[in-house]
Amino acid sequence: MSSTPAERPSVLFVCVHNAGRSQMAAAFLTHLAGDAVEVRSAGSAPADTVNPAVVEAMREAGIDISAETPKILTTEAVRASDVVITMGCGDTCPVFPGKTYLDWTLDDPAGQGVDAVRPIRDEISRRVRGLLADLGVTG
């Protein structure tokens, strides 16, 4: 699945609160792929703010997500994405034909300290790198 700049793949990461897992995944993909991939994240029931332990864990990885805010999942975001990666949002994600859907089973960092978030962050980083390879994007 290589792409030209006009046909860059788009990826949507979805979790319940858009305050942890999907924010980390979107940040890693943006960091690694730059403009080669269009990146979105959203939540089926977004929180008010991004989890502070997640912000700290990402800062340790050299990525600042302190300015990010949780966003509500919309059917438009799903429709505009080539790949939809869910992380524990269950059946709340709308399904459209022709999209690639992946479900990443990851621990929820909600209510966890930074020590518990680090291994989740590292697993997300590993999976995002695999996704880049699948998309044919070098990062």
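Me: In what order do the four strands form the open sheet, and is the pairing parallel or antiparallel?

Reply: In this predicted model, the order is S2-S1-S3-S4, and the pairing is parallel. From one strand to the next, the twist averages 20 degrees.

Me: What makes S1 and S2 count as paired strands?

Reply: Two strands pair if at least two bridges are found between them. S1 and strand S2 (residues 38–43) have six bridges, in the parallel sense, so they count as paired by that criterion. Within S2, Ser41 is the bridge partner of Phe13. The chain passes from S1 through H1 to S2, and this β-α-β crossover is right-handed.

Me: How do you know that S1 and S3 pair?

Reply: The cut-off is at least two bridges. Between S1 and S3 there are four bridges, in the parallel sense, and therefore the two strands pair under that cut-off. Leu12 stands opposite Val84 in S3.

Me: Why are S2 and S4 called edge strands?

Reply: S2 and strand S4 (100–103) each pair on one side only. The order S2-S1-S3-S4 accordingly has S2 and S4 at its ends.

Me: Why is Ser22 called buried?

Reply: Buried means under 20% relative accessible area. Ser22 has a relative accessible area of 0%, and is therefore buried. This residue lies in helix H1. Beyond its neighbours within four places in sequence, Ser22 is in contact with Phe13, Val14, Cys15, Ser41, Ala42 and Met87.

Me: What makes S1 a mostly covered strand?

Reply: Six of the six residues of S1 are buried. Ser10, Leu12 and Val14 point one way from the strand, while Val11, Phe13 and Cys15 point the other way, and all are buried.

Me: Which residues have the most contacts inside the largest nonpolar core?

Reply: That core has 33 residues, and those with the most contacts inside it are Val11, Phe13, Leu29, Trp104, Val128 and Leu131. Two or more residues come from each of strand S1 (10–15), helix H1 (21–33), helix H2 (52–60), strand S3 (83–86) and helix H4 (114–135). H1 gives the most, with eight residues. A second, separate core of nine residues includes Val14, Val78, Val84 and Phe96.

Me: With which residues is Leu131 in contact, leaving aside its neighbours within four places in sequence?

Reply: Leu131 is in contact with Val11, Phe13, Leu29, Val83, Ile85, Leu102 and Trp104. Contact means heavy atoms within 4.5 Å, so each of these residues has a heavy atom within 4.5 Å of one in Leu131.

How values were computed. Residues numbered from 1 in each chain as written. Predicted model: local features only at pLDDT ≥ 70, side-chain atom pairs only at ≥ 80, totals over all residues. Heavy atoms only, no water. Core = buried A, V, L, I, M, F, W, Y, C linked by side-chain atoms within 4.5 Å. Buried < 20%, exposed > 50% of the residue type's maximum accessible area, 1.4 Å probe, protein only. Right-handed = clockwise from strand over helix to strand, strands pointing away. Axes fitted to C-alpha atoms, helices over the stretch in contact; angles between N-to-C directions.
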